[in-house]
Amino acid sequence: MSTCDNLRPVKTSLTGIKPTHLPHLGNYLGAIRPALSLVEHYRTLYFIADYHALTTVRDADALRGYVRDVAATWLACGLDPDRTLLYRQSDVPEVFELTWVLSCLLATGQLERGHAYKDALARGESPNAGIFNYPILMAADILLYDTDVVPIGKDQKQHLELTRDVAARLNHLYGEGTLVVPEARISNAPLVPGTDGEKMSKSKGNGIPLFEPPKKLRKVIMGIKTTSEALEDPKTAEGSTVYELYRLIAPDRAPEMEQKLEAGGYGWGHAKEDLFEAIEAEIEPKREAYLAIRADEDGLDAILHAGAERARAIAHRTIGRVRSAVGIE
Ligand code: TRP
């Protein structure tokens with residue numbers, strides 16, 4: 001699987017992607033691009049967490065669609081399935097065996113303190129048990145593959161702490177080395193602003209599409225909110241949505257845009273045009289790749305199928321170790 005069979009043992013990095021929407025530019029800049037850059041340094045496993053999505057997605061066809069949207073997007077953005085193990089969570093049912101074993105070692109109080117669960121209660125919702133148990137399934141996702149490092153956003157930190165706790169507890173009770181205790185690698189990926197300047201998010205309707213046709217992309221970019229100085233006025237680049245996005249897409253050329261904005265005589269419309277061109281330059285080849293992948297659904301199935309086989313081989317070994325450690329079989 002790895003190209004790095006050299007002296008230094010290669011660490012395993014694993015992360016899960018919840019298929020709840022068609023990926024947008026914020027996902028690309030904030031998650032996909034940084035995650036793909038890890039391939040040089042780790043043995044990487046990326047999986048599509050469809051059972052996690054089931055806590056919120058209620059439309060079967062939509063869920064099926066999102067799984068393929070996500071897989072095709074990652075592949076189009078450069079995930080090489082020969083180097084990175086890409087699989088669908090639900091293709092490896094061993095994860096539920098481990099979920100159960102872990103749940104028997106966790107106090108319900110620890111789950112009651114879960115941010116997502118507590119937030120749902122605070123909003124006056126009655127969260128389903130899937131949301132309550134979410135962190136256990138996530139711990140099983142991680143521990144099943146002898147993961148050393150988990151790249152995550154800050155919002156997932158608590159889940160990683162629970163994962164480490166439960167792994168350490170199992171090892172302590174049943175034998176050190178049964179599970180690998182993973183480390184979080186908290187991403188310093190920037191918050192990517194959407195068209196209204198808030199964090200780009202599907203639910204806020206402020207998304208910038210990733211693989212829509214260029215005309216559509218341009219239209220959305222032209223609709224980004226800006227301040228309303230006159231063309232000749234000097235403008236503050238830092239903190240403006242257009243400039244912050246430009247800085248993420250074209251860091252080398254960002255100082256130039258900053259200068260132009262601050263000098264005056266360069267309007268937000270010009271800046272948006274430059275932003276559109278910079279995004280288009282980065283996205284265009286990936287859009288082509290995406291369309292080609294979507295035109296070959298059998299090919300996509302074959303990739304997911306091959307990933308599932310390899311993932312199950314690893315899962316099978318871990319669950320074997322766990323079963324005999326805890327006294328099942
Ligand atoms: N909970 C993660 C999120 O919402 C997705 C996820 C599921 C995950 N299982 C994981 C991430 C295992 C890292 C490792 O983004």
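Here are some questions and answers about a predicted model.

Q: Which residues of helix 11 are buried?
A: Helix 11 spans residues 254-263, and what covers its buried residues includes helix 10 (241-249) and helix 12 (268-294). On the face turned away from that buried side sit the exposed residues Gln259 and Ala263. The buried ones are Ala254, Met257 and Leu261.

Q: How wide an arc do the buried residues of helix 11 cover around the axis?
A: The residues in question are Ala254, Met257 and Leu261. They lie on the same side of helix 11, because the arc they cover is only 60 degrees.

Q: Which residue just after helix 11 takes a positive phi?
A: The helix itself runs over residues 254-263. Just after it comes a residue with a phi of about 85 degrees, and that residue is Gly264.

Q: Where is Asp146 found, and is it buried or partly exposed?
A: Most residues other than glycine have a negative phi. Asp146 isn't a glycine, yet its phi is positive, at about 50 degrees. It is found in the loop between helix 7 and strand 4 (149-152). Buried would need under 20% relative accessible area, and Asp146 comes in at 21%, so it counts as partly exposed.

Q: What is the relative accessibility of Glu329?
A: Glu329 is found in the segment after helix 13 (297-326). Its phi is positive, near 75 degrees, though it is a residue other than glycine. Glu329 counts as exposed, with a relative accessibility of 70%.

Q: Is the Phe47 and Tyr87 pair stacked or edge-to-face?
A: Phe47 lies in strand 2 (residues 43-48) and Tyr87 in strand 3 (residues 85-88), so the pair ties together parts 40 residues apart in sequence. Both Phe47 and Tyr87 are buried. Their ring centres are 5.5 Å apart, and planes under 30 degrees apart count as stacked. With the planes at 20 degrees, the pair is stacked.

Q: Is the Tyr51 and Phe96 pair stacked or edge-to-face?
A: Tyr51 lies in helix 2 (residues 50-53) and Phe96 in helix 4 (residues 94-103), so this pair links parts 45 residues apart in sequence. Tyr51 is partly exposed, with a relative accessible area of 35%, and Phe96 is partly exposed at 35% as well. The ring centres are 4.8 Å apart and the planes stand at 80 degrees, so the pair is edge-to-face.

Q: Which residues form one aromatic cluster?
A: The count of aromatic pairs comes to six. One cluster is made up of Phe47, Tyr87 and Tyr145.

Q: What is the relative accessible area of Ser13?
A: Ser13 lies in strand 1 (residues 12-17). Leaving out residues up to four places away in sequence, it touches Leu38, Tyr42, Arg43, Thr44, Leu45, Val149 and Pro151. Ser13 is buried, and its relative accessible area is 0%.

Q: Which helices each supply at least two residues of the lining of the second largest cavity?
A: About 40 Å³ of space lies in this cavity. Its lining includes Leu111, His115, Phe132 and His159, and the lining residues divide into six nonpolar, three polar and no charged. The helices are helix 6 (115-122) and helix 7 (129-143).

Q: What is the volume of the second largest pocket?
A: This pocket is lined by 15 residues, with Leu22, Pro23, His24, Pro209 and Glu212 nearest its centre. The lining divides into eight nonpolar, four polar and three charged residues. The volume is about 290 Å³.

Conventions
Residues numbered from 1 in each chain as written. Predicted model: local features only at pLDDT ≥ 70, side-chain atom pairs only at ≥ 80, totals over all residues. Heavy atoms only, no water. 1 Å grid on protein atoms, 1.4 Å probe; cavity = no way out; pocket = protein on both sides within 12 Å on 5 of 7 lines; lining within 4 Å. Points joined across faces, edges and corners; volume = space filled by probe spheres on them. Nonpolar A, V, L, I, M, F, W, Y, C, P; charged D, E, K, R; others polar. Buried < 20%, exposed > 50% of the residue type's maximum accessible area, 1.4 Å probe, protein only. Helix = DSSP H or I, 4+ residues; strand = E, 2+ residues; numbered from the N terminus. Arc of directions from axis to C-beta. Contact = heavy atoms within 4.5 Å. Phe/Tyr/Trp six-rings, centres within 6.5 Å; stacked < 30°, edge-to-face > 60°.
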